[in-house]
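Please keep the structure in view while reading.

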Amino acid sequence: MKVLVTGGVGFIGSHLSEKLLDKGWKVVVLDDFNDFYSPKIKRENAEVIARKGALIVEGDIRNPLIVKEAVKDVEAVVHLAARAGVRPSVQNPSLYQEVNILGTTNLLEAVENLNLKAFIFGSSSSVYGESQKIPFSEVHSVDNPISPYAASKKAGELICYTYHHLYNIPVTCLRFFTVYGPRQRPDLAIRKFADLIE
């Protein structure tokens with residue numbers, strides 16, 4: 001099976017790519033190596049998965065031509081590329097709209113006729129906003145996001161549903177909570193605490 005992993009040199013994406021390669025899958029990674037955190041960390045992640053056989057494509061999901069080229073012959077897409085972070089999204093909401101909404105739309109446009117086996121969208125627990133219902137459930141309303149980041153992720157889920165409805169793309173949206181482990185982003189609390197322990 002051949003899979004495209006967008007954001008595949010990031011924390012979650014590099015681990016997923018590594019696991020898929022270990023299982024014998026062909027992996028294409030599309031990532032823009034942006035400077036949200038050190039691109040050096042992303043390049044190190046890219047080296048790890050490239051040694052295992054991943055094809056690394058450096059490009060931006062906002063560019064439909066790059067996206068169209070990256071999805072050639074893939075049977076599945078795991079869409080993890082995004083601008084992350086609640087606070088930075090308040091400072092630059094347009095960037096979050098461009099990457100997280102336009103980029104997701106570009107990807108869905110590129111795959112609408114590919115007969116994919118799966119399209120997995122990396123959403124976020126931020127979509128729950130200030131919900132008082134605990135524990136959270138996927139059936140709870142998420143109509144009150146409280147940051148541009150959360151709004152962009154909610155919009156991404158809706159766009160995914162629309163393309164599922166129109167083109168029968170098999171979509172799954174995953175709402176990640178606090179993910180942690182080796183190669184975690186350096187701006188997150190758990191990574192900062194672990195670094196201070198060393």
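Which side chain meets that of Lys117 in a salt bridge? In this predicted model, the partner of Lys117 is Glu75, with a distance of 3.0 Å from N to O. Lys117 is exposed, its relative accessible area being 54%, while Glu75 is partly exposed at 27%.

**Salt bridges**

The whole structure contains nine salt bridges.

| Lys residue | Glu residue | Distance (N to O) |
|---|---|---|
| Lys117 | Glu75 | 3.0 Å |
| Lys72 | Glu69 | 3.2 Å |
| Lys52 | Glu18 | 3.5 Å |

The salt bridge between Lys52 and Glu18 has its closest N and O atoms 3.5 Å apart. This pair links distant parts of the chain, 34 residues apart: Lys52 is in the loop between helix H2 (39–51) and strand E3 (55–58), and Glu18 is in helix H1 (residues 11–22). Lys52 is partly exposed, with a relative accessible area of 38%, but Glu18 is buried, with a value of 17%. In the pair of Glu69 and Lys72, Lys72 is partly exposed, with a relative accessible area of 46%.

**The sheet**

Six strands form an open sheet in the order E3-E2-E1-E4-E5-E6, and their pairing is parallel. At its edges are E3 and strand E6 (171–176), each of which pairs on one side only. From one strand to the next, the twist averages 15°. Strand E1 (residues 2–6) and strand E2 (residues 26–31) are joined in the parallel sense by five bridges. Within this pairing, Thr6 has Leu30 in E2 as its bridge partner. Helix H1 packs on the sheet and touches E1, E2, E4 and E6. The direction of H1 makes about 170° with that of E1.

**The nonpolar cores**

The largest nonpolar core has 26 residues, and those touching the most other members are Leu4, Val71, Val77 and Phe119. E2, H3, H5, E5 and helix H6 (148–167) each supply at least two residues of this core. Its largest share comes from H5, with seven residues. Leaving aside neighbours within four places in sequence, Leu4 is in contact with residues including Val28, Leu30, Val71, Val77 and Leu107. Apart from this core lies another, of 14 residues, among them Val3, Val5, Val29 and Phe33.

**A buried lysine**

Where is Lys153 found? Lys153 is part of helix H6. Lys153 is buried yet has no salt bridge. The nearest side chain of opposite charge belongs to Glu157, which is 8.3 Å away. A salt bridge requires a nitrogen of Lys or Arg within 4 Å of a carboxyl oxygen of Asp or Glu. Not counting residues up to four places away in sequence, Lys153 touches Ala82, Phe121, Gly122, Ser123, Ser124 and Val127.

Note on methods. Residues numbered from 1 in each chain as written. Predicted model: local features only at pLDDT ≥ 70, side-chain atom pairs only at ≥ 80, totals over all residues. Heavy atoms only, no water. Helix = DSSP H or I, 4+ residues; strand = E, 2+ residues; numbered from the N terminus. Buried < 20%, exposed > 50% of the residue type's maximum accessible area, 1.4 Å probe, protein only. Pairing = 2+ DSSP bridges. Axes fitted to C-alpha atoms, helices over the stretch in contact; angles between N-to-C directions. Contact = heavy atoms within 4.5 Å. Core = buried A, V, L, I, M, F, W, Y, C linked by side-chain atoms within 4.5 Å. Lys, Arg positive; Asp, Glu negative; His and termini not counted.
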